[in-house]
Amino acid sequence: MFSYIDPAIVELLLRKNVLRHVDQQGHDMAPGPDNADNAELPYLSILGPVPLPITLDSGEEALFQWHAFVRHSEYGLIKEVAERIRTDQTRDLVPLLSTYMQVSSILTHGDFATSEAPVVRVHSCCMTSDVFGSRRCECGPQLHAAFARAVDEGAGAVIYMSSHEGRGIGLWAKAVTYLLQDMGQDTYEANTALGLPEDSRDFADAAVVLHALRPQNRAIRLLTNNPLKISDLKKGGIEIREVLPLVVGFTKHNLRYMKSKKSKGHDIPDAALPDTALPDAALPEDK
Ligand SMILES: [Zn+2]
């Protein structure tokens with residue numbers, strides 16, 4: 001992973017403790033990932049903190065600390081991918097390709113390492129909403145609400161999973177699903193129509209980076225409506241003291257999508273979902 005970085009710089013980053021290699025429990029490991037033959041490859045490498053001043057929706061500026069993290073590739077995995085291609089199990093291949101080898105981020109605010117049960121949002125990358133501001137989904141408003149919540153509470157974190165575009169299928173396939181949705185398919189059907197999983201996201205790495213940044217403190221409060229995130233983080237040893245709903249960003253453009261998510265187990269209160277029979281004027285308007 002770090003083969004293109006000058007070894008002297010890697011050494012400097014390690015010495016300054018701004019590059020860490022951790023195992024699957026989030027414990028620090030002795031360096032050695034640059035040696036491809038080293039059997040003791042770390043599970044994640046974590047770079048940071050890098051101070052990032054962020055402007056909130058309110059216009060207020062708040063300081064977050066950014067860590068970038070990446071899961072290391074494994075030779076076994078590459079062999080497994082090759083075998084699956086050979087046996088044409090392409091449906092199973094997608095999560096492997098989409099989850100690995102991408103650099104994700106955690107942005108923390110306040111005294112995240114030691115604060116009692118801080119709020120955490122695990123956010124799946126959504127270029128169309130987070131960056132372009134599309135209202136076909138509610139991702140962008142959720143992201144901004146999570147930053148604001150961390151600041152309001154004095155401490156918290158947003159984990160930005162870069163490999164989760166389109167619930168794990170990637171941006172290209174997501175564009176196809178949007179076109180299929182506009183032909184009448186719902187968001188989950190559109191994924192399966194492509195021969196892709198409905199949801200191939202894996203939140204295991206989020207649990208590991210939380211352990212690494214809060215080694216003595218496993219309890220968090222999770223901002224989510226998604227039961228998969230709750231179960232994956234619990235499987236990863238995170239104690240979820242409370243699940244806080246994050247219901248923002250409803251518009252007439254994403255109503256069908258939100259109902260589809262609810263039908264798949266997302267905990268979205270009925271009161272937040274206006275009936276489709278209502279005229280557009282009665283639906284929440286775009287901000
Ligand atoms: Zn989205």
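V120 touches G156, A157, I159, L210, I220, L222 and L223, leaving aside residues up to four places away in sequence; a contact here means that two C-beta atoms, placed from the backbone, lie within 7 Å. The model is a predicted one, in which local features need pLDDT of at least 70, side-chain atom pairs count only at pLDDT 80 or more, and totals for chains, interfaces and linings use all residues. Residues are numbered from 1 along each chain as its sequence is written.

V120 also belongs to the largest nonpolar core, which has 41 residues; V120, V158, I159, A206 and V209 touch the most other members. Such a core is a set of buried Ala, Val, Leu, Ile, Met, Phe, Trp, Tyr and Cys residues joined through C-beta atoms within 7 Å. A residue counts as buried if 20 or more other C-beta atoms lie within 10 Å of its own, as exposed if 12 or fewer do, and as partly exposed in between, again with C-beta atoms placed from the backbone. Two or more core residues come from each of strand 2, strand 3, strand 4, strand 5, helix 5, strand 6, helix 9 and strand 7. Helix 9 gives the largest share, seven residues. Helices (H or I, at least four residues) and strands (E, at least two) are DSSP runs, numbered from the N terminus.

Turning to the sheet, eight strands form an open arrangement in the order 1-2-3-4-6-5-7-8, with mixed pairing. Its edges are strand 1 (19-22) and strand 8 (239-244), each of which pairs on one side only. Neighbouring strands are turned by 30 degrees against each other on average, direction ignored. Two strands are taken to pair if DSSP finds at least two bridges between them. In general, strands of a sheet pair through backbone hydrogen bonds, either parallel or antiparallel.

Strand 1 and strand 2 are antiparallel, with four bridges, and V22 has L44 in strand 2 as its bridge partner. Strand 2 and strand 3 are likewise antiparallel, over 10 bridges, and V50 is partnered by W66 in strand 3. These two strands form a hairpin with five residues between them, and G59 in the turn has a positive phi of about 95 degrees. Strand 3 (residues 61-71) is joined in turn to strand 4 (residues 103-109) by six bridges, running antiparallel, with F69 opposite S104 in strand 4.

Two helices lie across the strands. Helix 9 (residues 204-213) lies across strands including strand 1 and strand 7, and runs at about 80 degrees to strand 2. For these angles, axes are lines fitted to C-alpha atoms, for helices over the stretch in contact, and values run from 0 to 180 degrees between N-to-C directions.

Most residues other than glycine have a negative phi, and most peptide bonds are trans. A117, in the loop between strand 4 and strand 5, has a positive phi of about 45 degrees although it is not a glycine. A117 is partly exposed because 17 other C-beta atoms lie within 10 Å. R167, in helix 6 (residues 165-168), has a positive phi near 55 degrees. R167 counts as buried because 23 other C-beta atoms lie within 10 Å.
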